[in-house]
Structure formats: structure tokens, C-alpha cells
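Morning, everyone. Please look at the sequence and the model on the screen, and then I'll walk you through a few features.

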Amino acid sequence: MQRILVLGGGVGGTLAANLIARKLRRQIARGEAVVTVVDLTGHHTYQPGFMYIAMGGERAKNLERPERRLLDKEVELVVGQIERIDAAGRLVELADGMRLPYDHLVLATGSRILPELIEHFDTEAHHFYTAEAAARLRAALDDFKGGKLVIGIAGMPYKCPPAPLEVAFLVESELRERGLRDKTELHFCSPIGRVFTIETVSEMATPYFEQKGIEVHTFFNVETIDAEHKTVNSLEGEELPYDLLILVPPHKGAQVVIDAGLAPPSGWLPTDRHTLQVKHLAAPNTPDEQIERYPNVYALGDATDLPLSKAGSTAHFEAPIVAERIAAAVLGREPHAKEGSYTGKVMCFFEIGDGKGTLLQFDYEHPPRPPKPNQLWHLGKIVFNKTYWLTVPRGRV
Amino acid sequence: MTDTATPPITRTVDARGSFCPGPLMELIRAIREGQVGDVIAVWSADRGSKTDIPKWVEKAGHRFVGVFDRDGYDEIVVEKLR
């Protein structure tokens, strides 16, 4: 019996489990293999929708489905909190004491937000990384009558890299429609020397900031929030007053993979860029080819340390590689050369405001060349969001 | 610039496996954790670091000591001033 254990029921975990079950249908039917997903809540959340709770009238209840309904009927689901991962002993323990031995492990444990790392974040800053926070931001925008609105990024990497830029563009459109634009100063703060990490995307987006009159502050690494004087202050010494503050909170990987000795304090799992196998923690200057890989432990999605977007799309394109490699191991064959090697493929939509969007498509070797924004890509994003439940988790696209 | 111009390095950040903006973020972390007077060497194989890091150092009010060609990577040295 080959036991495949998938930790996390997000995009990556759900899709990987379904694809593995599809490849091993006969072995599962004969009792030679079992695929189990462990998820904390048993509810699958479509996180890219959170931004639209704040910006587009989306409702939290539309963004959640029971995980059981998204999983292939051959996949087992265990709802529980992961307490311990023992990679040497090939065992996972849950908080309720359940012990899950495995032969192949998929770490789809995602990322978590840590607003508490910045004092006064909770009371002063808004964000859109949970349904509740996005609803609070919506209410704050409804109450906003003009003033200084600051949008920034308080830590890298973070989920959905285009999101803060999209929020800046969408808020600007909204304020114009509500007749508040000339009463509002809009500021956008980026921790790096341009508005977006990838140069080609930055080149595409920068003229929109100029055109929309959004003042860009580069090299603005949020250090403190002064709640009394209502300023957000950067490590670089800049001080920006705000009436409404929207910040991407700091992110880290799951605590359980740090505690397991699989990830450094950042929580991002060292991951082979092509095989997606988890690498042993190594001294900083160890050449990559000398770092040992866990032969039976894989990571995907937000959980990895790969230099790619932390986005559902990344997990979506990584899951087939993990599924192919695990299925090959179970079946005692070599993984398919192409299907078993990740190229860094990512594809995501990017809202520009005023009902227009563009598409970012790239891999390790090819930076994105976003097409001129138009209404079609905006509609593409809306349709994708609505049809997600029928397509991505089930491996239909 | 030659090695003789480099003050003694107090911390080395190996960001060679990291891509833009990784090396800059690693330097920022080291600056946050460090003391005034620390001399930090960042090793980066990402070409963008050579331009990004000096610009950040200037804005953040630290001292850019120099960039040195090493075997397959750059060593970018920064002194924490505040």
C-alpha cells in the first residue's frame, strides 16, 4: 500500500490530490494506493475573490465551498490541525492525536499573514487578505469622503503580487465615479525601486500611475505606523500622513514546516525549481546541486521559496508536475521528462481600472509581455473567478 | 575599486540563489537586524542588484562602499550609517 498524504486543501493541494487520484485510479480501486488530504477547516476558499469583496460587491459566501465536494470521490479528506511533521519518520501527527504515516508527502501548506508584526497595523491599516478584512475595507471606503489615501506593501513576498496595484487603480476609478477624486491624494508605496518586481510589468503599469495621478514612493519599506499622528513611516526615513491606510500585511510560510525543520524562519520551503522536491536546509553558500532533496516530499503553491508569484495560478501549474512525479514513483517508472518538470509557468489577470485588464503570462525563462489593457482581459478575470469551482480544482483547465 | 578600499566586513549575506528583489530584501533584513557601523556584504548573481542596491542605499542614508566582481557573482558592500 502506497500512502500519499497532501497537507492543505487550497488550490495546489486539492488539484494535486485529484490529479494523483486520476493517475492512480486502478491502484486505489485495488487497495494498493490511498490519497488523503488534510485540511484545517474542510472549507476551500477562493482567496483571489477577497479583493472583490472590497472592490466589486463580491460576497464571502460565494468564495467558499466544502472541500469534500471539490475532491475526487477516491480522495480521502481529514479535517484537522497539523501538529507535527516528521520527515525522517515519514509521519504526520494531528492536534487530535491522529497519526498519518505516509510514503509520499505534498506540502501545500500555503502562506499566512502576520499584521501583528507591525505595531498598530490592526487598528490603523486595512487590508484585503481575509474576507472579514476586505469587508471592513469596503466599509471604510464607503465612509471615505476624501483626504490622503495611502496604499502600500508591508513585506515581501506576499500573495498575489498585482493585487495592491489593482487596488490602487480600482480605488482611483471608484473615487472618480463618486466625485471624490479631486478631494483625494492617492499614494502608492513600493518596497523596491519600481512599482512591481518584474521589470516588464513595472514598465507597463508605471504610466497608469502617472495618468491616474497616483504618487509613487519607491524604496518605501514600512517600518512603523504612528497611530497618534496618523503617519506611516519607512525604514528609509520617509513619513507619509494618511486618512485611510491600506497595506499588504507581512507574510510567512506555515509555522508547522518551520517547527519541522523543513523551512527557515521565513517559512518558505526550499524547493527544487523543476522537480518541486523539498530540499534539505543547507548552509547559505552551498551550491544548489550539492543540496540533498527529500525524494518523497514535494512543495507547491505559496509554501515554496521559488522566485515566482505567490498565487493560485502558480499552484495550478505546479500540481500536475507533483502528480506526475508521485504517480511515477508509485507505478515504479521514471517521470515523464516534460510533464514531470516545472518550467515556472504562471498566468494571471491584472486589473487596470475603468473596466480594463491585462494578462501576465511567464515562466523561468520568459518574462511577461502584457498585452495592451482592454475590456476583454477584465471580463476574462471575472469569468475565471466565477467558473473557478468547476474548472481549476477538478483539473479541467 | 579594489579590495583595499573595503572596510572589514562584519556580515555576509549570501543571496546568490535569490532573484530580484530577493538580494535587496535580504540586505534590508540585515540592515534592520544590524548595528550602526556594520559593514554588510551581499553576494548576488542577479544583475539587477548592481543598480537596485546602490539606489536603495542612497535613499536609505547608508554608505555604498562598492561592488566587486567575484567568480560568477557580485559582492556588494554597504555600511550601515543610521
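**A hairpin and its chain**

Start with two strands of chain A: β22(A) and strand β23 (residues 356-362) pair in the antiparallel sense over 7 bridges. Pairing here takes at least two DSSP bridges between the strands. Strands are DSSP runs (E, at least two residues), helices are H or I runs of at least four, and both are numbered from the N terminus.

A word on the source: this is a predicted model, where local features need pLDDT of at least 70, side-chain atom pairs count only at pLDDT 80 or more, and totals for chains, interfaces and linings use all residues. Residues are numbered from 1 along each chain as its sequence is written, with chains lettered from A and ligands numbered from 1 in the order in which they are written.

Back to the hairpin. A:C348 stands opposite A:L360 in β23(A). There are 2 residues between the strands, and A:D354 takes a positive phi near 55 degrees.

Is strand β22 of chain A enclosed or open? Seven of the 8 residues in β22 (residues 346-353) are buried, so the strand is largely enclosed by the rest of the structure. Buried means 20 or more other C-beta atoms within 10 Å of the residue's own, with C-beta atoms placed from the backbone.

Now the whole chain. Chain A has 11 helices and 23 strands. Of its 397 residues, 48% count as buried. The C-alpha trace spans about 70 × 45 × 40 Å along its principal axes.

Last, the partner. In chain A, 13 residues are in contact with 17 residues of chain B. Contact means backbone-placed C-beta atoms within 7 Å.

Methods
Two residues are in contact if their C-beta atoms, placed from the backbone, lie within 7 Å. A residue is buried if 20 or more other C-beta atoms lie within 10 Å of its own, exposed if 12 or fewer, and partly exposed in between; C-beta atoms are placed from the backbone.
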